[in-house]
Structure formats: structure tokens, C-alpha cells
Number of protein chains: 2
Amino acid sequence: VQDLVARVLKGEVRAAARACRLVDDRGPGFRALLKEIYPNTRAAFWIGITGSPGAGKSTLVAAMVKHFRAAGKRVAVVAIDPSSPFSGGAILGDRVRMQQHFEDPEVFIRSLATRGALGGLSRSAVDVARVLSAWGAEVVLLETVGVGQDEFDVVFAAETSVVVLTPGMGDSVQAMKAGILECADVFALNKADLAGADRTAADLEQALALGGALNAWVPAIVRCVATQNQGIDALLAQIEQHRIWQLSSAVGRQARSERVKRNLLTHLRHEVVERALLQHAEFLSVLASAVEAGILDPYNASERLLATLLE
Amino acid sequence: VQDLVARVLKGEVRAAARACRLVDDRGPGFRALLKEIYPNTRAAFWIGITGSPGAGKSTLVAAMVKHFRAAGKRVAVVAIDPSSPFSGGAILGDRVRMQQHFEDPEVFIRSLATRGALGGLSRSAVDVARVLSAWGAEVVLLETVGVGQDEFDVVFAAETSVVVLTPGMGDSVQAMKAGILECADVFALNKADLAGADRTAADLEQALALGGALNAWVPAIVRCVATQNQGIDALLAQIEQHRIWQLSSAVGRQARSERVKRNLLTHLRHEVVERALLQHAEFLSVLASAVEAGILDPYNASERLLATLLE
């Protein structure tokens, strides 16, 4: 592990790939590796990109990568969107469009498969993002889909989060209700050349005005056409502005602290489940059987399990 | 709490409402109440209903309630779908359609607001479902939206889960990839009178055939038109068949055990976060500040927090 850490920190692509695999598989020494690299991960800027399938997240990510590369920055993409071409799940056209980045040695693309209902995906994504930060990525783009708990976790792990919407998305207002407003630092209104862009922007502005009193930061709505590389400059400018706000203003720093606290709780949650599954699998089964048989209630079972985790 | 428990068990609607509020607010004595009522919750049958916004889940739930009421069963609905008229979030027409059930004393409808990124919603939903089971609900319908972690948690808490799809849903295949296949015991293809129903059913069948080798239970696809009360009988028959399979076959019992184990882990996860927030908020802040300042890494911070939780 020591050797692997050293090679990751030197910026070796193969070592980074091996470290990503180790972390994703929770292989031997992954904890030591993560602790070891952590001090070298803090310079990277993490950007979350989320939104419904079909919103054009991946095309937007590709366009953003292009801009960062033009500025000479080393970039990592961590995709946990099953519909993303980064994750190998999309149509051929999209994959071809990505190809340029796949072949660039200064761009590291890592996709993660969904893990089913036990979660843990967001934890893997965050750990992989840390590895790639230690490898020397100056920008890490975390691409996720939807607004579930795992997505929230990833999006909050990022320092600035972009929510991608498209004109006439019937579910945009629904999605906002479901909590997407809470995690957007910038809105990218993609496919802004389509009909309905004004309407969607107006709906969004109205929703933001309602919630505005609660948040010190009011997310901008940036119109983009990712396929034509339009609006990407403006989007990156807004992202940069949010980053500066977080670092330089008192409310921004406060918001950042809340985010760190939240991430710590997320980490704790995953840690507990991982320990229960890896170290106390048998006891867990015994308890579950007792609950199933009606001998034990889940409240007491959970307390016993928790006590055992720390013995 | 003792008195409240007694009144809930007697089937008093007001007591049930008070107990739901207590549990949802994590008010004084909520743990004692939950432990107390637990033995009386096991007779209720929990059905999960999930799917994208606009799939018609609420109309389907209303139709299912009608059928259960016609069979003389006491029913509870726990809705955590922000777009659901049960949760007060939908258009007027839907609310009017629900009205009949709101006024029926043998139907208890409880909606839960989303809680933002820290989760805990699924835990509240499960606890509220337990209260309503103790109150005497023979069937509890858990309505959720999407396929995020919280939804997974609720859906797996249910004994049988229905995933609602509609014809021509562009994201149906995406949703399946995202893990929805894993949690469906029955598919309701709602609005089956619309064009594209055959295509969606065929897509789904194909996806199921691919995953079929892994699962002993192959979910049926039931076509419904919930607004016209069509297909509800067939849907309920499939739900009942799944229930029987779980109780009577070896693989079914195995699947049920896995579900119980999973729920126990979910419970544990929430428990830990709740304890950290309620009992160690200050220490959590101190640790978060240390992480933010780069003095401590999140891995060690999480370990310290975990140790403190059990002191």
C-alpha cells in the first residue's frame, strides 16, 4: 500500500487505476490507503453534476472537461449514472463524443456500478474521488442521476453542485419539490435552444424566489446547449463564483461547515453498515432471524448490534 | 405513553394520529412507544408502491384502497411522495378523487414531508407504518416516488412491492438499470390503454428474462387503468400470490429473511445518525471543524464519533 500511495501521489495513471479498484472493492489495505492519501486530496475542486436521465449531463460534463483541459487542468470524472456514456451505458453517439477524453492521459474517467439497495455507492464514489484528487486531478466532476439518498450524498460531497434541467421537463417542478432545490448551487438549463426554455427558467426562478429567504446563496440559472458548446463559459464562471463565495464570505464558510458535518454523518452511516456486514455478519443473521421469528423487536436488535460493533 | 399505546391498540383514530406525530417528531417517549407496540404490528400486510412522478401511483393506491375496503379490511396509507395528493402536493382533481377515503374512518392516511439530505424519512415512514399496524390496519400501503436510497429503504420494508410504470415512459429502461428491477415483486403497467403499452411490456419482459436466473420470483406485469378501476383485481391477486410465495416456499422464506436483515441494517444506519445528531451534536461540530481545517481526516473523525456514540 505504501508503494501504491507513493505512485498515486507521483501522478501515475496505472497506480491511480489500481488504487481506485482497491477502494471500490474494499480490498486489503484500502482504509490505510485512504487515510494515507487524504492530506493530498484537499487541493482538488469537486463539482457535482446531477439531473434526470436525458437531461444531457454527460454531454455537459464532456464540454466542461474540454474547457478545463483547454485551461491546462488535470481532470477526473467519477460517474455513477447508469445512463451515462462515462459508465458505458449510453448510446453509441454519446460514447463517440466522449472518446477524445478517454484517450487524454490528463483526464481520468472512472465509472461505478450501482450497488443495489444497501447503498455504499456514494461512499465508493467519494473514496474514488479522493484517490483521483491525490493522483493530481485539479478538478473532479462527480456525475450522478436523480435525487435519491445516494445522489444527495455524492452531491453534498462536492463543493459546488450543478443541477441540469431541460426545457419542458414535465417533472422539473416535481423534482424541485423532492429536494433538488436544496442541493443546487448552479442550475444548468441545458438544451436551451428548445421550445419551453423561457417557461422552465421562469418556473425555476419563481421556486427560487420562494425559497430564497432561507438560503444566503441564490443559484443562478445558466442556459446551455452542451452539444454545441454554448453557455459552458458562463456555467464555469458561476461555479467559480460559488466557490469563491464559500471561501470568502461568512455565510459561505458557514454553508461549507454544514456540508462537512453532513459528509461526516454520511461517512459514519456507511462505516457502521460496512462493519456490521464485514465483521459481524453472523451475529447480524442471528438477530435478523430473531426479529423474523418475533422473539426480538428491531429496536432492541439494532441496539445490540450497535453495542457489538464497538466491543 | 402507556395510555397512548393502550388507546392505539384499541383502534382509536385520534390516539393513532397522536402516536404518528410523536414518532414522526421523535418526541419524548417515541422509542418506548415503538417497542411497546411492536408485538402488535406483525399481523398487518405492508405493500410498497413506487414509480416515477406522473405514473399514477396515487390513483392506483386509491383504487387499491377501494378494493380492500370492499373486502372489509382496515387500511392505512403512508405517502412520502411529494407529488401525491395523499401528501397534499397534487392538483385539485386528484385530491377530490381521494376525498372518499379521507372521510372513511377505517382508512388512515398519513403523509410525510421529505427531510432533505440527511435522510431519516424512510425511518419515519416505517415507524409510522408500525403505529398504524398496531392501530389495526390490516393492509398498509407505502407510497413513495423514485428509486433513491430512501425509497429503496421504504420499499424493502414492505413485504411486497409494486413498481408502477406507464407506456412509453422514456426512462423506464433507465430506471430498471438503476435498480428498480431489484425491488419489484409486481409491475403495474398503468395507463395501459395508452399507445406503447405493448412495447413497454415487451421491454420489461426482456429485462426480466435477463435478470430472471438470479431471482427465484419472476414479477408479473399487470396492466391497469387505475382511473377506470381496471386491472386492480389482477394486481391484488399477484400481490397475494407473492405474499403466499414468501411464506410457503423455501426460496420465498429465504428472500424474506434477506429483507429482514436488510431492514435491520437500515435501522442501524438511521439509529447511528440520530444518536450523533441528538446526543453528540457538539462533538460532531468539533470533529467537522477539525476535518475542515485539515487537522483530522474524515476516516479517523468517523471512528472517534462512533466510539463516542457507545460510551
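Predicted model: local features only at pLDDT ≥ 70, side-chain atom pairs only at ≥ 80, totals over all residues.
Local features need pLDDT of at least 70, side-chain atom pairs count only at pLDDT 80 or more, and totals for chains, interfaces and linings use all residues. Residues are numbered from 1 along each chain as its sequence is written, chains are lettered from A and ligands numbered from 1 in the order in which they are written, and side-chain values use heavy atoms, with hydrogens and water left out.

**View 1. B:Arg275 in helix α11 of chain B.** The helix spans residues 250–279. Helices (H or I, at least four residues) and strands (E, at least two) are DSSP runs, numbered from the N terminus. B:Arg275 has 15% relative accessibility, so it counts as buried. Buried means under 20% relative accessible area, exposed over 50%, partly exposed in between (1.4 Å probe, protein chains only). Leaving out residues up to four places away in sequence, B:Arg275 touches A:Glu303, A:Leu306, B:His280, B:Leu309 and B:Leu310. Contact means heavy atoms within 4.5 Å.

**View 2. B:Arg26 in a loop of chain B.** The loop runs between α2 (13–25) and α3 (30–37). Phi of B:Arg26 is near 55°, a positive value in a residue other than glycine. B:Arg26 counts as buried because its relative accessibility is 17%.

**View 3. B:Asn229 between β7 and α10 of chain B.** This loop residue sits between β7 (220–223) and α10 (232–248). At 35% relative accessibility, B:Asn229 counts as partly exposed.

**View 4. B:Ser111 in strand β3 of chain B.** The strand covers residues 107–111. B:Ser111 is partly exposed, because its relative accessibility is 30%. B:Arg42 is 69 residues from B:Ser111 in sequence and 22 Å from it in space, C-alpha to C-alpha.
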